[in-house]
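Subject: Handover of a structure for your review

Dear colleague,

Please find below the structure that I am handing over to you. I would be grateful if you would look through it with the notes that come after it.

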Amino acid sequence: WRTLLLRIGDSCPEYGGTTDLAEHIETCYNTISRELEYSQLILQCAEQVPHKIPIYGTLVGLLNLETEDFAKTIVENTQTNLQDALNCNRIRILMRFVTALMCSKVVQPGSVVELFETLLSSAATTVDEESGNPSWQPRADFYVTCILSCLPWCGLELNEQVPEEIERVLVGVEAYLSIRFEFAGKDHLEDLWHRIQDLSNNGWKVDSVPRPHLFFEAQLVSGKSHSIACPDQPRSKQRHEAELKYPRRIYRLNIFPTSKFEMQPIDRFVVEEYLLDVLLFFNGCRKECAAYMVGLPVPFRYEYLMAETIFSQLLTLPQPPFRPIYYTLVIIDLCKALPGAFPAVVAGAVRALYKRIGDLDMECRSRLILWFSHHLANFQFIWPWNEWSYVLDLPKWAPQRVFVQEVLEREVRLSYWDKVKQSIENASVLEELLPPKGGPSFKFEDAKELSLELRNMVKEKKTAREIISWIEDSVVPLHGTLEIVVQTLLDIGSKSFTHLITVLERYGQVISKLCPEHDKQLMLMDEISSFWKNSTQMTAIAIDRMMGYRLISNLAIVSWVFSSSNSREFHTSDRPWEILKNAVNKTYNRICDLRKEISLLKESIKLAEEAKSELDSAESKLEIVNGQPVPAETPGRLKRLKGYFDKRKEELVSIQENLEAKEVLLARASEENKNLFVSLYKSFWNILSDCLYQLSHELAEENSQMNGYNVGEQEQWCLTTLGYLKAFSTQYASEIWLYMEQLDAEIFHPLFRKA
């Protein structure tokens, strides 16, 4: 019966099957009615498979006819969950379930309207300049979005049963929109409002929302309706906190022309909701996710909308809701589930995004490169490359040419050079864009004496201290010590990633001794870049690992990336940007991990304090027996509480010591983080200052014209560098805000701030 409940409707025509939906609901009802003590499972299904909410609402409506207490319990649990909900998705879905219960006569229409009006009142109060907190508008917008997003599921029924009340709600929404802060252009809330207005004018008919309760309308009308109250409203805080807590749900990247979507605007919204819900609740089960996505209960094709929704999520800034690899795997599974339709749609999306690659945010471009190369690797690298062979005629800095070049470079990482070369046989001219073939470039192939001696010492498994002594005694007077030692150690570790790690673990102290300060670390990275000049991937890995072992500082990496030899590649290669992103990300992750660890330790201390408080409270409770005060608690409970507290007390000392140590590390990491971002922005300003002045005087006059691409090299360099500046600022905004006062005082020239 659990499977029956979870799979309800899967084999019905609305979901691509042949079984009659009413019959399926009837079967499920007959089975579930014998298991009424498991009411919570129905609510869980409604929350986690929300595109079936109308079916679960109908099922509860039928059960309400048999036992009103069961339905009342469902309503009460829904209200409790709504009150306790901490995230926007749960609140939105529970509200949709409430409307489904209303359609099945389980919840009173007046209660739903009252819920809407309470949220509307809260939203209006929030944005009021005098009595509210306008900076908390994201929460107010979320409430109104919840109301509007429920109407496709319940607007028809509310209009039939309480037309004046629903009209009052719509007037309230319009009033709210007139007093909120306006954004440039039509934002997501205004867009949804216009769709709901069209829906209202069309009689509230929505093709994409099934109405299974209509099959049982004659029966459901005799059920008792219950009331539901609006949850308490949280107190107001700051705007940036509001935007984090109440983020926008739908981000639309308009990839395809509107003619590709054979549906009404409101149906598009509903299907987007379905798709996002499936992506949300099945993010750990990619195959289940793909299966549900291709079997939504809608009477029209929606492959283009499915692709557009997934790509919109994948390219959401500053971060997608889930890891990019999740969307990659879902797209792969959808291509396999719909082999006759979806691959062509995905190819169309790639072509459309490729045409506008020059306009894409640099972070989005990087994600698109990673996704596309990985996607092709799962389909034998098949792509009509001849369509893009013209990029060879474009200048080296043209975004479309750089995109093709970077995709091919990533493909080589995922396969091997000859395989990728074979995949572009239909556009052999693109071979010029493949990365260099070959492995490391060792400077001392002729076995220079010192290099050979060091290699023998490593073979003999001499310790790092012995090698350092050898260097100090025998090598220091000679020229090129760092070059010889680093090149030799890199060559020993060049066979594989594991070999590299082994060398760094055993002989990292040798490198640390040779490169203790900033300038020597710059020389070290020059040697790594020279040794791995044929492999962008291994250059990035080696520098990243050395930073992990504290052999190279993040500040040295920033200086090296912005050196003249690397910065001249900013617009033609992702190599320096990959290394810089690794360094910033590793530093950021380190401080995030420390914050999480400190939070967990504080929670442990809080639990210990609560255990002490509970024990003290239990011991202090007395009652009079035969005229004498005795403990009110049973000896067994007191013993359990004391045992629990004693265990926590033993841990408390070590936890507090650990907490103090972690807080010291956090203070050090925070200072390191600040220095990194200050250095990063200073470096950006140093190389961009002249360029910004030129752009402000319309550098476009100097543009060259080549095959329709009319951006000059200097301008493209500046645009690309600015693009990465924006990408870093967007991705790490929460950290950068902590240092804004210093950045603003030391670095942010008006032109720079504007950029």
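Predicted model: local features only at pLDDT ≥ 70, side-chain atom pairs only at ≥ 80, totals over all residues.

The overall picture

The protein chain contains 34 helices and two strands. Of its 755 residues, 52% are buried. Among the contacts in the chain with a separation of 6 or more, 75% are accounted for by residues 24 or more positions apart.

Two pairs of packed helices

Two packed helices are described by the angle between their axes and the distance between the axes. Two such pairs are set out here.

On the side of helix 10, the residues involved are Leu192, Arg195, Ile196 and Leu199, and they meet Pro265, Ile266, Arg268 and Phe269 of helix 13. By class, the residues of this contact comprise six nonpolar, no polar and two charged.

In the other pair, the axes of helix 23 (residues 481–492) and helix 24 (residues 497–514) come within 9 Å and cross at roughly 170°. Because angles over 145 degrees count as roughly antiparallel, helix 23 and helix 24 are described as roughly antiparallel to each other. Helix 23 contributes Thr481, Leu482, Val485, Leu489, Leu490 and Ile492 to the contact, while helix 24 contributes His499, Leu500, Val503, Tyr507, Val510, Ile511 and Leu514. The contact of helix 23 with helix 24 has eleven nonpolar, two polar and no charged residues.

Arg96 is located in helix 6 (residues 88–103). Its relative accessible area is 2%, so Arg96 is buried. Not counting residues up to four places away in sequence, Arg96 touches Pro50, His51, Ile53, Cys150, Trp153, Glu273 and Asp277. With Asp277, the side chain of Arg96 makes a polar contact, side chain to side chain, at 3.0 Å.

Arg168 is found in helix 9 (residues 163–179). Is Arg168 buried, partly exposed or exposed? Its relative accessibility is 45%, and Arg168 therefore counts as partly exposed. When its neighbours within four places in sequence are left aside, Arg168 is in contact with Val113 and Glu117. Arg168 and Val113 are 55 residues apart in sequence, and their C-alpha atoms are 9.2 Å apart in space. As for Glu117, its side chain makes a polar contact with the side chain of Arg168 (2.6 Å).

Ser111 lies in helix 7 (residues 109–127). At 3% relative accessibility, Ser111 counts as buried, since buried means under 20% relative accessible area. Leaving aside neighbours within four places in sequence, which residues is Ser111 in contact with? They are His226, Ser227 and Ile228.

With kind regards

Note on methods
Residues numbered from 1 in each chain as written. Heavy atoms only, no water. Contact = heavy atoms within 4.5 Å. Helix = DSSP H or I, 4+ residues; strand = E, 2+ residues; numbered from the N terminus. Nonpolar A, V, L, I, M, F, W, Y, C, P; charged D, E, K, R; others polar. Buried < 20%, exposed > 50% of the residue type's maximum accessible area, 1.4 Å probe, protein only. Polar contact = N/O pair within 3.5 Å; in protein donor to acceptor, adjacent residues only side chain to side chain. Axes fitted to C-alpha atoms, helices over the stretch in contact; angles between N-to-C directions. Parallel < 35°, antiparallel > 145°, perpendicular 65-115°, else oblique.
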